Amino acid sequence: MTRLLIKNTCILSMDPAVGDFDDADILIENDKIVAVGPNLQADGAEVIDGKGRIVTPGLVNAHIHTWEFQLRGIGSDWVGSRDYHANMHQNLATKYGVRDVYLGNLLGSLNQLRNGTTTIVDWCHILRDAEMTDVAIDALEESGIRAVFARGTVKPPERPGEVPYHKKPFPREEIHRLRTGRLSSDDRLVTLAMAILGPDWGEYDVAAHDIRLAREYGLINSAHTYGRKGKRVVEDGYPRLAKEGLLGPDHNIGHGNCFDDEELKIVLDAGCTITATNLTEMLNYEQPAMLGRLVKHGAMPSLGTDCDPYFNSSMLAVTRHAFLHQRELDNRSLWHEGKWPAKTQHSTLTRDALYWATMGGAKAFGLDKKTGSITPGKQADLVMFDARGMNIFPALPGGNPAHIVVMYAETSDIENVLVAGQFAKRGGKLTFDETKLQKLSEELMASRMRMFGEGNYQSRPVERGPQPEKFFL
């Protein structure tokens, strides 16, 4: 048995039954948290000094396309989904080989750990075959991250004589192979889900088939769903799925920004969860992220980073933006109602955003019995922030710890990251072998440049267009 005792630290447990502490201890045995509170004793335990630190649950990135890691730095000036699909799915994604998928998933996962994310939902829609699938899982396992591997399918260019992707049901043989083999157990770091087309991207019979397939194998299924009127493959897809009893807590919606109130009520009444990728959505969407609207309906948002080509996929950045984005919307809306300034804050506090980034993601993907809070009996997925550096100092003691983490902390302040009681980052450095990481980084750079060459892709400045005639505030 290995025992680890974090002493005299500030704890944000995200569990009301446990509470928070300005100065307390966390005892870990093997992979689990066994006790949280002041003055814990544990003979023979390795002791970690927590003074001047804040410990939170590991962040949960509930929607990321990890494979895109080597295509960073090219997409922030693209025009919406038009350029994303033209440059990614219709071009660069078609240049990925087996090794490229492995490199993207491994280094992308290590970057998540470096940024304090201990769990990802790897929405992996680059996979053309079983070999690609297996190396994607290999990479997740090698990184040491906790992952829901959402096995997806590709969206290649349409070619004469071929069935287009939106008419193709999910390959049953792949789900059967994974669920009865390598990913048969839900009691491991990497578990299985399905990343499906859904009715925004696939025909109705395809969406219905895929949800039924997921249920047959006891899997959560997740779909990209923007809810844009007139832009869906099946305009009334979600109401039809709801009438057939195909929606439930096992269906996750990525985005959903453009749902009207009636559609939103339908999916929430069915128990569906919604994941906001608010930074991506701010770049490319005409409607704000699904945060406050969910809270108003009594639902829980979860957060994801989505696409590395746009920005560093740090959950710290996404969480901070989620708080600021919704607070801005709250203020504008209250002003329009003649209720601003309010006597007190309303729907969005810094603690809410941190909860969305931890328990929100854990609940959305059925992991809340394992992770998402610092609770005895759960897995020891923890992040330790050093509050003594200049990003944070002198906010602790005396400041609000949730405020400090959401509004001040950066990657450089993350001292330690644990996944299931094992250090993935210690003393500010990844525990992954440095020599191997350097070699993999060089190989990933070669992968990037080869794909750029094969796809004849060059990053060019975007011509500036006209401003809107009026800003709607």
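Angles under 35 degrees count as roughly parallel, over 145 as roughly antiparallel, 65 to 115 as roughly perpendicular and the rest as oblique. The model is predicted: local features need pLDDT of at least 70, side-chain atom pairs count only at pLDDT 80 or more, and totals for chains, interfaces and linings use all residues. Residues are numbered from 1 along each chain as its sequence is written, and side-chain values use heavy atoms, with hydrogens and water left out.

**Exercise 1.** Determine how the axes of helices H2 and H3 are oriented to each other.

*Solution.* Helices (H or I, at least four residues) and strands (E, at least two) are DSSP runs, numbered from the N terminus. Axes are lines fitted to C-alpha atoms, for helices over the stretch in contact, and angles run from 0 to 180 degrees between N-to-C directions. The axis of H2 (residues 98–114) comes within 8 Å of that of H3 (residues 130–143), and the two cross at roughly 25°. H2 and H3 are therefore roughly parallel to each other. Their crossing is right-handed; a crossing is so named if the near helix is turned clockwise from the far one by less than a right angle, and left-handed if anticlockwise.

Contact means heavy atoms within 4.5 Å. On the H2 side the residues that meet H3 include Val98, Val101 and Tyr102, and their counterparts in H3 include Met132, Val135 and Ala136. By class, this contact has 11 nonpolar, three polar and two charged residues. Here Ala, Val, Leu, Ile, Met, Phe, Trp, Tyr, Cys and Pro count as nonpolar, Asp, Glu, Lys and Arg as charged, and the others, Gly among them, as polar.

**Exercise 2.** Describe the packing of H2 with H14.

*Solution.* The axes of H2 and H14 (residues 434–454) lie 10 Å apart at an angle of about 125°. That makes H2 oblique to H14. The crossing is left-handed. Among the H2 residues in this contact are Arg99, Asp100 and Leu103, while H14 contributes Glu443, Arg450 and others. The contact of H2 with H14 has nine nonpolar, three polar and four charged residues.

**Exercise 3.** State which strands pair with E10 and whether its residues are buried or exposed.

*Solution.* Two strands pair if DSSP finds at least two bridges between them. E9 (residues 190–196) pairs with E10 in the parallel sense over three bridges, and isoleucine 196 has alanine 223 as its bridge partner. E10 also runs parallel to E11 (residues 251–255), joined by five bridges; there the partner of alanine 223 is isoleucine 253.

Five of the five residues of E10 (residues 221–225) are buried, meaning under 20% relative accessible area, with exposed over 50% and partly exposed in between (1.4 Å probe, protein chains only). Asn221, Ala223 and Thr225 point one way, and Ser222 and His224 the other way. In a regular strand the side chains alternate between the two faces of the sheet.
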